[in-house]
Amino acid sequence: MVIFQDRADAGRRLAGKLSEYSGREDVIVLALPRGGVPVAFEVAKELGVKLDVFIVRKLGVPGYEELAMGAIATGNIRVLNEDVVRSLRMPADAINSVAAAELKELERREQLYRKDRPSPDIEGKIVILIDDGLATGATMKAAVKAIRTKKPARIIVAAPTASRETCDEFAADVDKTICLTTPEPFYGVGAWYKDFTQTSDKEVCDLLKKASSLIRSDISARR
């Protein structure tokens, strides 16, 4: 069942499908933390483009947190998985309670990962949104909705693995979708990685710092 050794391996392989964006100053890779960051780091490094994060939080069903009933994103964006909400008859107050808790974690991560750095200017840019996989796609949908308000030139969704249904759903919402693998039955994102160890806050911060250094070195080398 294993397809990728780890997230770095997945990122290097994903970069091969994005080579047309190599070295372009109008391209920015935005990772969905935490698991999307090691994947996106390899893509940004291979392409020689900027890397940043876009904070999104899944709204898990109480008692079954791995099941997404929606997601929230930076910019007061909320997206609901209407099928899940309807089938489980989730009351509005339960959804609001989960959203309030996840907003606190979103704000914590925003402060930790960004520190004093401003949010990236993506108006008129080609934005490549990356996660380590797409199951329901709820978090990515929230990210796309939020990014759309910032007037990018194009939005590309890229992931190493995804359910076929979810990958197809993005076709109408973004300019391009790249899903390296769409195994059926899907089982879940982690099923397709040999090492799916949880990415830590420290790893996220370290990779963002390393990516910043790499892009500065690349700019200096071009001069």
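A residue counts as buried here when its relative accessible area is under 20%. With that cut-off in hand, welcome to a short tour of this predicted model.

**The disulfide**
- The model has one disulfide, and it joins Cys167 to Cys179 with an S to S distance of 2.3 Å.
- The link of Cys167 and Cys179 is right-handed, with 110° about the S-S bond.
- This pair links distant parts of the chain, with its cysteines twelve residues apart. Cys167 belongs to helix α6 (residues 164-169), while Cys179 lies in strand β8 (residues 176-181).

**How accessible the cysteines are**
- Cys167 has a relative accessibility of 8%, so it counts as buried.
- Cys179 is also buried, because its relative accessible area is 16%, under the 20% cut-off.
- Cys205 has a relative accessible area of 18%, and therefore is buried too.

**Helix α5**
- Helix α5 spans residues 138-148, and eight of its eleven residues are buried, so it is largely enclosed by the rest of the structure.
- Among the buried residues of α5 are the alanines Ala138, Ala142, Ala143 and Ala146. Thr139, Met140, Val144 and Ile147 are buried as well.
- What do the buried residues of α5 pack against? Their partners are the strands β1 (27-31), β3 (56-61), β4 (64-73), β5 (77-80), β6 (126-130) and β7 (154-161).

Definitions and conventions:
Residues are numbered from 1 along each chain as its sequence is written. This is a predicted model: local features need pLDDT of at least 70, side-chain atom pairs count only at pLDDT 80 or more; totals for chains, interfaces and linings use all residues. Side-chain values use heavy atoms; hydrogens and water are left out. A disulfide is a pair of cysteine sulfur atoms within 2.5 Å. Helices (H or I, at least four residues) and strands (E, at least two) are DSSP runs, numbered from the N terminus. Buried means under 20% relative accessible area, exposed over 50%, partly exposed in between (1.4 Å probe, protein chains only). Contact means heavy atoms within 4.5 Å.
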